[in-house]
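Take a walk through the model below.

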Amino acid sequence: LAGKFGKSASTGFFASRAAEADAQADLLRRLTFALWAGEHNLYVGALQGMLLERLVEAFKFGLGGSHAVPVRWVVQLQALQCARMLAVRVAPEHLTSLWPIAMSELQRVLPSPQSVQPALLLAACQLVDTLLTVLPDDFSA
């Protein structure tokens, strides 16, 4: 009991936000694995609902309010990996609602490489590489 009250309020807040970021990243990691392990187009029915909601939540994680979460890049990294897996495992005609979400995040990360974590920059570049490889007709113009 004394250990709970020994921490300052700000340390507890940031620790809980970091734990929340880790939990969100783990959820996206498990979701990405399920997409990878499942059959092609298996999760098309859940795409418009749960999957896109999770990606939007992940890209917006830590934004808003007066304090940005310092570990939000971990959640965004997993969201980019999940979008990459969707591009590989779901047919392009089912992904039209994903592109505005993914493109806005790529436009946020790629123009300012000095201000983002290297791992997040790598995940963004991997997504672009995957999109150009898997869907060349949609992204060549």
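This is a predicted model, so confidence is the place to begin, pLDDT being the predictor's own confidence in each residue. The mean pLDDT of the protein is 81. A value of 70 or more is reached by 81% of its residues. Helix H1, residues 2-6, has the lowest mean pLDDT among the elements, at 35. Helix H6, residues 118-134, has the highest, at 93. Over residues 1-10 the pLDDT is below 50. Beyond near neighbours in sequence, that stretch makes zero contacts in the model.

Now the overall layout. The secondary structure comes to seven helices and zero strands. Along the sequence the pattern reads α-α-α-α-α-α-α. The protein has 141 residues, and 33% of them count as buried.

Turn to helix packing, starting with H4 and H5. Helix H4 covers residues 72-89 and helix H5 covers residues 99-109. The two pack at an angle of about 135 degrees, with their axes 11 Å apart. Angles over 145 degrees would count as roughly antiparallel, and 65 to 115 as roughly perpendicular. H4 is therefore oblique to H5. Their crossing is left-handed. On the H4 side, the contact is made by Arg72, Gln76, Leu80 and Ala87. On the H5 side, Trp99, Glu105, Leu106 and Arg108 take part. By class, the residues of this contact divide into four nonpolar, one polar and three charged.

H5 also packs against H6. Their axes come within 10 Å and cross at roughly 135 degrees. H5 and H6 are therefore oblique to each other. This crossing, too, is left-handed. H5 contributes Trp99, Ala102, Met103, Leu106, Arg108 and Val109. H6 contributes Leu120, Leu121, Ala124, Leu127, Val128 and Leu131. What is the make-up of the contact of H5 with H6, by residue class? Eleven of its residues are nonpolar, no residue is polar and one is charged.

Gln78 sits in helix H4. Thr32 is found in helix H2, residues 9-37. Is Gln78 buried or exposed? Its relative accessible area is 11%. The cut-off for buried is under 20%, so Gln78 is buried. The same cut-off applies to Thr32. With a relative accessible area of 12%, Thr32 is buried.

Leave aside neighbours within four places in sequence. Gln78 is then in contact with Ala25, Leu28, Arg29 and Thr32. Thr32 is in contact with Gln78, Gln81, Cys82 and Met85.

Last, a backbone detail. Asn41 lies in the loop between H2 and helix H3 (44-60). Most residues other than glycine have a negative phi. Asn41 is not a glycine, yet its phi is positive, at about 65 degrees. Which accessibility class does Asn41 fall into? Its relative accessibility is 27%. Buried needs under 20% and exposed over 50%, so Asn41 counts as partly exposed.

Methods:
Residues numbered from 1 in each chain as written. Predicted model: local features only at pLDDT ≥ 70, side-chain atom pairs only at ≥ 80, totals over all residues. Heavy atoms only, no water. Axes fitted to C-alpha atoms, helices over the stretch in contact; angles between N-to-C directions. Helix = DSSP H or I, 4+ residues; strand = E, 2+ residues; numbered from the N terminus. Parallel < 35°, antiparallel > 145°, perpendicular 65-115°, else oblique. Left-handed = near helix turned anticlockwise from the far one by under 90°. Contact = heavy atoms within 4.5 Å. Nonpolar A, V, L, I, M, F, W, Y, C, P; charged D, E, K, R; others polar. pLDDT = per-residue confidence, 0-100. Buried < 20%, exposed > 50% of the residue type's maximum accessible area, 1.4 Å probe, protein only.
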